[in-house]
Amino acid sequence: MISASATEFKIPRLGAFRRSYHEPKLTSAFVPHDFQTLFYSQRLDHFNYKPEGYTTFQQRYVINSKYWGGANSSAPIFAYLGEESDLDIDLPLVGFLTDNASRFKALLVHIEHRFYGKSIPFGYSKEAAMKNANLRGYFTSVQAIADYADILIHIKKTLSAMNSPVIVIGGSYGGMLAAWFRLKYPHIALGALASSAPILYFDDIAPQAGYYSIVTKDFKETSESCYETIRKSWSEIDKVASKPNGLSVLSKKFKTCRKLKRSLDLKDYLDSIYSEVTQYDEPSSYPLSTLCRAIDGAAIVTDILGRIFAGVVAHKPKRTCYDMDEYNHPTDQNLGWRWQVCSEMVMPIGHGKDDSMFPPAPFNLNTFTKACKSLFGVQPQPHWITTYYGGYDLKLILHRFGSNIIFSNGLRDPYSSGGVLENISDSVVAIYTVNGSHCLDILPAKESDPEWLMLQRKNEVETIEGWISKYYSDLVKFQDQTRA
């Protein structure tokens, strides 16, 4: 089951952070031992009363009370809602909470998503959990946000902090969870910061080709010649592959760790690289510019495919060979995410026909469904997300009943094509940057950060301060009315 090819799942990975991300020098001290690791006995199923629904597992979360003003002052709680990742990986990479803890006198909480890291029920390995059809049925976003609600209420009760306002924060898939949490649990979360959350990339609300159209635009804006080289390379790969020993030639040219069995694997690998360098085009390194400089710099001395390989080497230097399955290996993250996209997180992303540096490859639900049935024996539910959380007519609906959500984006992030990019009301706001990429605003702040990124964070912080200030005013008013 799990060993099946992932080629049918060419939905670009979410994830708030690029996994090869190197922790920068922080402007504020980040001391891991300030976080206390705890486990909560979590219900396996929040939504039925069968005996098995009461079964519990240990869910991990960490808290940092170093800067907290305490329950007596109703100081706020900042809660990072874990996405499809191990908490140990994300904790040092999330800067927004620690960078602003002192300013807000906030208690910091990071909660690990069920079925990731050390929060896999009953001590199963990820692979074993994914093979257990009964167990993985409890692996849903709906159960996950109910977990977060339980843990946050538990923390507030334990600390006698029932009047402390909670701000939930998340990035990418976690950003979607943060926005949905605010909508589903407004009695627990005062507000949400949803960073790079493509909540409109479901049920064909956003254009299927939106993601790759931004990848193309980013490359074209960076270097027209780099864009043209990539656009022409796909047919060149097919041309070489069609010749006798063509796959051997390609394997040698791209220094593949194993001989190519089909040219599709090489094209899939390159597609993943181009997506990665645009989605995570961080100002500290600008990997897209690095890749394009290498492609353009090799133009004089080599052919089209030689230039493409020069870009690969620039992005992934000092390797003796290149693993074409690098992005498909069964890691803890992608094993779980593959299940999630096969069940409910169906994001119909494909290559368009017009003005694209990629060959046409529209999303095919039938092919996707067959692959999911082969892997897990399940029928994907492409309409469930919009049924449960909404999506259609989002502006009208959130204008009528939503409040206190920041949708932050960078317009160079391909996933911004499925994001909320305009203000919906006075308190449901879009804060975006023209030059930003995926989840930049929640990364740790650095002295070298560009001014536009610092301004985005400043706007977010001031918006949250406004929410909390109004909450404190309302709290005093309603307490006075209660006493009266």
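## Stop 1: two helices in contact

Select Y211, Y212, V215, D218 and F219 in α7, then D271, Y274, S275, V277, T278 and Q279 in α10: these two sets meet. This is a predicted model. By class, the contact of α7 with α10 has six nonpolar, three polar and two charged residues.

Now show the whole helices. Helix α7 covers residues 210-222 and helix α10 covers residues 263-279. Their axes come within 10 Å and cross at roughly 75 degrees. An angle from 65 to 115 degrees counts as roughly perpendicular, so α7 is roughly perpendicular to α10.

## Stop 2

What kind of aromatic pair do Y211 and Y212 form? The pair is edge-to-face, with 5.1 Å centre to centre and 70 degrees between the planes. Check the accessibility of each residue. Y211 has 0% relative accessibility, so Y211 counts as buried. Y212 is also buried, with a relative accessible area of 2%.

## Stop 3: a tilted pair

A search of the whole structure finds 25 aromatic pairs. For one of them, select Y173 and W337. Their ring centres are 5.1 Å apart and their planes are at 55 degrees, so this pair is tilted. Both Y173 and W337 are buried.

Colour by helix to see what the pair links. Y173 lies in helix α6 (residues 173-184) and W337 lies in helix α13 (residues 332-343). The pair therefore ties together parts that are 164 residues apart in sequence.

## Stop 4: charges over rings

Select R43 and Y54. R43 lies over the face of Y54, at 4.4 Å from the ring centre. Next, select K184 and Y388. Here K184 lies over the face of the Y388 ring, at 4.1 Å from its centre.

## Stop 5

Select helix α8 (residues 224-241) and helix α11 (residues 287-297). Their axes are 9 Å apart, and the helices pack at an angle of about 75 degrees. That makes α8 roughly perpendicular to α11.

Which residues of α8 and α11 meet? On the α8 side, pick S225, C226, T229 and I230; on the α11 side, pick C292, I295 and D296. The contact of α8 with α11 divides into four nonpolar, two polar and one charged residues.

Remain on α8 and select S235, which lies in this helix. S235 is partly exposed, with a relative accessible area of 48%. Draw a distance from S235 to Q456: their C-alpha atoms are separated by 41 Å, and the two residues are 221 residues apart along the chain.

## Stop 6

Most residues other than glycine have a negative phi.

- N245 has a positive phi of about 60 degrees although it is not a glycine. N245 sits in the loop between α8 and α9 (246-253). Its relative accessibility is 59%, so N245 counts as exposed.
- K255 has a phi near 50 degrees, a positive value in a residue other than glycine. K255 sits in the loop between α9 and α10. K255 is partly exposed, with a relative accessible area of 43%.

## Stop 7: R18

Go to R18, in the segment before β1 (36-43). Is R18 buried or exposed? R18 is buried, with a relative accessible area of 12%. Not counting residues up to four places away in sequence, R18 touches R13, E276, Y280, E282, S285 and H315.

## Stop 8: V428

Finish in strand β8 (residues 428-433), where V428 is found. At 1% relative accessibility, V428 counts as buried. Leaving aside residues up to four places away in sequence, V428 touches L398, G402, S403, N404, I405, F407 and N423.

Notes:
Residues numbered from 1 in each chain as written. Predicted model: local features only at pLDDT ≥ 70, side-chain atom pairs only at ≥ 80, totals over all residues. Heavy atoms only, no water. Phe/Tyr/Trp six-rings, centres within 6.5 Å; stacked < 30°, edge-to-face > 60°. Helix = DSSP H or I, 4+ residues; strand = E, 2+ residues; numbered from the N terminus. Buried < 20%, exposed > 50% of the residue type's maximum accessible area, 1.4 Å probe, protein only. Lys NZ or Arg CZ within 6 Å of the ring centre and 35° of its normal. Axes fitted to C-alpha atoms, helices over the stretch in contact; angles between N-to-C directions. Parallel < 35°, antiparallel > 145°, perpendicular 65-115°, else oblique. Contact = heavy atoms within 4.5 Å. Nonpolar A, V, L, I, M, F, W, Y, C, P; charged D, E, K, R; others polar.
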